[in-house]
Amino acid sequence: MDVTSLVPVPMAAEGHSPLMPVLSEVILGLIVFAIVFFAIRKFVVPNFEKAFAERTSAIEGGLASAETKQAEADAKLAELEAQLADARHEAARIREEAREQGAQIVAEMREQAQSESSRIVEHGKAQIEAERQQALTSLRAEVGTLATSLAGRIVGEALEDDDRSTRVVDRFLADLELHEESRGAGSDA
Amino acid sequence: MSVLDVIQAPTAVQPLAASGEGGEFVAPGPGSFELPPWAEVAGFGLTKSMLLIVLSAVIIIGFTYAASRKSAVVPGRLQFAGEAVYGFVRNTLARDNIGSEHFMKFVPYLFSLFLFILVNNYYGIIPFLQFPTFSRIGYIVPLALIAWFTYIGVGMWKHGVLGYFKHATMPGGVKGPILILLVPLEFFSNILVRPVTLTLRLFGNMFAGHLLLILFATGGAALLSSGNLLYGAVGILSFGLGIGVSFLEALVMFLQAYVFTLLTSMYIGEALADEH
């Protein structure tokens with residue numbers, strides 16, 4: 001055995017070159033590939049495409065619904081914020097109103113109290129005046145009586161006659177008033 | 001020499017002549033691909049490659065049908081795997097090369113083509129099968145012819161017969177006498193040579209890869225059984241390299257399936273293109 005046996009022989013035992021196709025293999029290859037192709041086209045690709053399409057639509061549907069939900073949530077949020085702002089406005093308005101009303105009430109009350117107090121003062125004054133008049137009247141009568149009885153006691157019991165003494169006292173008082181007036185006029189002059 | 005004399009078996013004068021069964025070591029060659037028929041059916045010799053290619057149809061149809069049968073929106077493990085392969089061929093190979101307008105018509109063809117080549121290539125490193133079907137050129141010829149008829153047919157459907165020849169042989173924007181040189185060249189490269197290169201590329205890779213694996217395996221076995229310690233060590237190295245080459249082959253097998261399908265879709269896309 002020498003080295004040449006290590007070099008691959010170009011021809012096989014039957015002298016068939018590996019580059020020459022064998023017809024039966026060509027035909028078999030064609031048939032088998034055709035079977036594979038038609039089976040895949042009929043049974044496999046439509047199923048894969050169906051799965052792809054369904055997945056795409058599922059994802060797109062999910063995205064769309066998520067977008068809708070997001071939009072809804074945004075709208076809701078905006079609405080709630082608007083409501084909140086409205087409520088704040090309302091509250092501020094009510095507070096303002098209440099403050100105004102309070103001030104008004106206080107002013108009214110003060111006025112009322114003032115008028116009441118002045119009314120009470122007025123009433124008090126009137127009462128005092130009335131009482132003074134009454135006191136004056138009764139004092140006048142009493143002064144006369146007292147003076148008469150005093151004078152009577154001093155001069156004796158001649159002045160017991162009421163009518164007469166009353167007249168005397170009245171005259172005296174009238175003189176007195178007259179005298180006071182003239183004195184007042186004199187001092188004025 | 002003295003060391004060799006010590007470790008060499010005294011009778012091992014002609015080391016490469018030793019083989020497991022006592023016969024001479026025959027280096028693998030093209031003859032290794034001419035397997036004897038397993039059985040005789042209606043006058044035809046039924047060979048291993050014939051059984052393997054039929055088996056590939058069963059595997060491909062079985063796998064893809066099982067993976068796509070449910071077509072669930074949320075895929076299971078099997079469907080996910082099937083969709084990964086299908087989506088790869090559909091989007092990366094078909095859509096990117098043919099364009100989104102027409103690609104769906106070619107997806108079944110390209111998907112079948114890719115799986116057909118892939119499965120038949122991987123036979124080469126699957127234990128017990130260990131024979132890449134496409135190291136027999138006869139099985140590639142129909143695939144190349146189908147690709148050839150497809151892209152030329154598609155081009156003629158799109159541009160008309162003469163329009164297609166003009167589209168394929170006259171590069172856009174080139175005018176004048178240079179066309180006398182260019183048109184035959186383009187005709188040769190775009191129309192005549194393509195099916196041949198498709199065939200030879202796949203065939204050559206599978207053939208050479210398998211030859212390499214046989215060489216490392218049978219050579220390793222012959223060296224190990226030579227009865228010589230040094231040759232035995234080289235035999236172990238040979239097995240180790242054989243394992244390494246198997247991994248390389250696994251890559252080449254995928255790449256060849258990918259390239260064949262990629263080129264086919266590129267040819268189709270080019271034939272469908274409006275301008276060069």
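The following dialogue examines how several labels are assigned in a predicted model.

Trainee: What makes up chain B in terms of helices and strands?

Mentor: Chain B holds 8 helices and 2 strands. Read from the N terminus, its elements follow the order α-β-β-α-α-α-α-α-α-α. Of the 276 residues in chain B, 45% are buried. Among contacts in chain B with a separation of 6 or more, 69% come from residues 24 or more positions apart.

Trainee: Why are α4(B) and α8(B) called roughly antiparallel?

Mentor: Helix α4 (residues 107-122) and helix α8 (residues 229-272) of chain B pack at an angle of about 160 degrees. Angles over 145 degrees count as roughly antiparallel, and α4(B) and α8(B) therefore receive that label. Their axes are 9 Å apart, and α4(B) passes α8(B) in a right-handed crossing.

Trainee: Which residues meet where α4(B) packs on α8(B)?

Mentor: From α4(B) the contributors include Y109(B), L113(B), F114(B), I117(B) and N121(B). They meet a set in α8(B) that includes M253(B), F254(B), A257(B), F260(B), T264(B) and I268(B). The residues of this contact divide into 14 nonpolar, 5 polar and no charged.

Trainee: How many aromatic pairs are there over all chains, and why is the pair of F52(A) and Y86(B) called tilted?

Mentor: The count comes to 22 aromatic pairs over all chains. For F52(A) and Y86(B), the ring centres are 5.7 Å apart and the planes stand at 55 degrees. Centres within 6.5 Å make a pair, while planes under 30 degrees apart would be stacked and those over 60 edge-to-face; the pair is therefore tilted.

Trainee: What makes this a pair that joins two chains?

Mentor: F52(A) belongs to helix α1 (residues 23-155) of chain A, whereas Y86(B) belongs to helix α3 (residues 77-98) of chain B, so the pair joins two chains.

Trainee: How do you know whether F52(A) is buried or exposed, and likewise Y86(B)?

Mentor: Buried means under 20% relative accessible area. The value for F52(A) is 16%, so F52(A) is buried. The value for Y86(B) is 0%, so Y86(B) is buried.

Trainee: Why is the pair of W148(B) and F149(B) also called tilted?

Mentor: The centres of these rings lie 5.5 Å apart and their planes are at 50 degrees, so W148(B) and F149(B) form a tilted pair. As for accessibility, the exposed class begins over 50%. F149(B), at 56%, therefore counts as exposed. W148(B) has 24% relative accessibility and so counts as partly exposed.

Trainee: Which residues do ring pairs link into a cluster?

Mentor: The cluster consists of F33(A), F37(A), F38(A), Y109(B), F116(B) and F134(B). Y109(B) is also one of the α4(B) residues that meet α8(B).

Trainee: Where do F128(B) and Q130(B) lie, and how is their accessibility classed?

Mentor: F128(B) is placed in the loop between α4 and α5 (137-159) of chain B, and Q130(B) is also in the loop between α4 and α5. With exposed set at over 50%, F128(B) at 79% relative accessibility counts as exposed. Q130(B) has a relative accessible area of 43% and is therefore partly exposed.

Terms used. Residues are numbered from 1 along each chain as its sequence is written. Chains are lettered from A and ligands numbered from 1 in the order in which they are written. This is a predicted model: local features need pLDDT of at least 70, side-chain atom pairs count only at pLDDT 80 or more; totals for chains, interfaces and linings use all residues. Side-chain values use heavy atoms; hydrogens and water are left out. Axes are lines fitted to C-alpha atoms, for helices over the stretch in contact, and angles run from 0 to 180 degrees between N-to-C directions. Helices (H or I, at least four residues) and strands (E, at least two) are DSSP runs, numbered from the N terminus. Angles under 35 degrees count as roughly parallel, over 145 as roughly antiparallel, 65 to 115 as roughly perpendicular and the rest as oblique. A crossing is left-handed if the near helix is turned anticlockwise from the far one by less than a right angle, and right-handed if clockwise. Contact means heavy atoms within 4.5 Å. Ala, Val, Leu, Ile, Met, Phe, Trp, Tyr, Cys and Pro count as nonpolar, Asp, Glu, Lys and Arg as charged, and the others, Gly among them, as polar. Rings of Phe, Tyr and Trp (its six-membered ring) pair if their centres lie within 6.5 Å; planes under 30 degrees apart count as stacked, over 60 as edge-to-face and the rest as tilted. Buried means under 20% relative accessible area, exposed over 50%, partly exposed in between (1.4 Å probe, protein chains only).
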